[in-house]
Amino acid sequence: KIYFHISSLHTKSSYINVINTTMAFNRLLFIISLTVVLLGKNVDAQCTMNIDIPDNEKTSQPSKSRSSSKSSKGSKSTRGRLNLDNFASGCDDADEISIRSPHTLSTYKMKKHGKSPKSSKSGQTFEDKIYMFGDNENGSSMNLLRKPNGQIVGSITDLNEGTVMQISIDDDGGNIVDITSSDDFPPELEAFANPIRERAFLYEKPLYSMEKSNSTERRTNVEETFIIDVMVVWTQKAECAHAMKDVGCLVSSSTQEKMRDLIELAVHETNIAYETSGVNIQLELIYSYRSDYLEPSNNAYIQSVNDLRGKNDGKLDEVHTLRERYGADIVVMLLDDQAYCGIGESF
């Protein structure tokens, strides 16, 4: 059993003209074949996302040439709009996707396409999103989730520019992009050990047992992929911050949907990282919800971890009930605190 705690809130048709039926059959086949080839090229040519950055933001564009000093609160990101006019629905399974900013054009070879699950073992339902992953020759990577309504959330790690682009959705349904220098992300806190849990771990039920849930068999062969069930809890403050609203905002189905998008993207990114690293582990999101927990004003990270672990202190006690009910191997909590990227408990 593992508890892990993080906070950083850190996406033509063409028409074949009817031709004279008196034409030779082989000529007809040639024309149709040529049209299909051209259509294929057309689709890929349309798979470009354009980033429009306002003039007042261009002067602060982050890049790897900036100072490498880290701020505990991070520095202001450059914010732009994502234009999807040249990103057709056929791009969901395109071989290449490009992203154009005012000064660069990067093309990513897409290596994985798929659909997110429609439901989890807990019975919680998810949108039928399309996920996409690709990278380029310098190791930069792109992770995208396209929602059923065509909106996109995602992230792009540009190693050449030394930046991370985070794609989210605003209140008007449009896509915005926050571009942050990799050097400006806050550090992670050192994992802390729990001696009591370390001693008890050997006597607890193994994480990977041959249980069956919803006809899904746990796998113990190291050559197969281990499935780790994850439950995520977040705070109202985190939801308001991710929706770009003030502290104490009125949360809604829209702000909640944005949080679920963020969580599903994080699971997708983590699974891609495991897969491309040759690690036989995949995360499965089984349940996520907003808690009424109030984040501490001081020493939020350490205090929140203690509150998360405590079972009868009146703070986040429901986490333990839900975790046992849905069989979560890991619990993740999202806070709005930019002092650090996260903290975890080690064994």
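Two strands are taken as paired if DSSP finds at least two bridges between them, the strands (E, at least two residues) and helices (H or I, at least four) being DSSP runs numbered from the N terminus. The model on display is predicted, so local features need pLDDT of at least 70 and side-chain atom pairs count only at pLDDT 80 or more, while totals for chains, interfaces and linings use all residues. Residues are numbered from 1 along each chain as its sequence is written, and side-chain values use heavy atoms, with hydrogens and water left out.

**The hairpin and the barrel**

Select S6 and strand S7 (residues 141-146). These two strands form a hairpin with five residues between them, and Gly 139 in the turn has a positive phi of about 90 degrees.

Next, display S6 with its side chains. Six of the six residues of S6 are buried (under 20% relative accessible area; exposed is over 50%, partly exposed in between, with a 1.4 Å probe and protein chains only), so the strand is largely enclosed by the rest of the structure. One side carries Ile 130, Met 132 and Gly 134, the other Tyr 131, Phe 133 and Asp 135.

Continue from Ser 141 to Thr 157, its bridge partner in S8. S7 and strand S8 (residues 152-158) run antiparallel and are joined by six bridges. Widening the selection shows nine strands that close into a barrel in the order S2-S3-S10-S9-S8-S7-S6-S5-S4, with mixed pairing. From one strand to the next, the twist averages 25 degrees. Helix H5 (residues 253-276) packs on the sheet and touches S5, S6, S7, S8 and strand S9 (163-169), contact meaning heavy atoms within 4.5 Å. The direction of H5 makes about 140 degrees with that of S7, where axes are lines fitted to C-alpha atoms, for helices over the stretch in contact, and angles run from 0 to 180 degrees between N-to-C directions.

Now select Lys 129, which is buried at 1% relative accessibility. Lys 129 forms a salt bridge (a side-chain nitrogen of Lys or Arg within 4 Å of a carboxyl oxygen of Asp or Glu) with Asp 261, the closest N and O atoms being 3.3 Å apart. This pair links distant parts of the chain: Lys 129 is in the loop between S5 and S6, Asp 261 in helix H5, 132 residues apart. Lys 129 also forms a salt bridge with Glu 127, at 3.2 Å between the closest N and O atoms; Glu 127 is partly exposed, with a relative accessible area of 27%. A network of salt bridges links Glu 127, Lys 129, Lys 147, Glu 257, Asp 261 and Glu 264.

**The tyrosine cluster**

Finally, select Tyr 287, Tyr 289 and Tyr 326, which form one aromatic cluster. Rings of Phe, Tyr and Trp (its six-membered ring) pair if their centres lie within 6.5 Å; planes under 30 degrees apart count as stacked, over 60 as edge-to-face and the rest as tilted. The whole structure holds three aromatic pairs. The rings of Tyr 287 and Tyr 289 have centres 5.9 Å apart and planes at 35 degrees, so this pair is tilted. For Tyr 287 and Tyr 326 the centres are 4.5 Å apart and the planes at 35 degrees, so this pair is tilted. Tyr 287 lies in strand S15 (residues 281-290) and Tyr 326 in helix H7 (residues 318-326), 39 residues apart.
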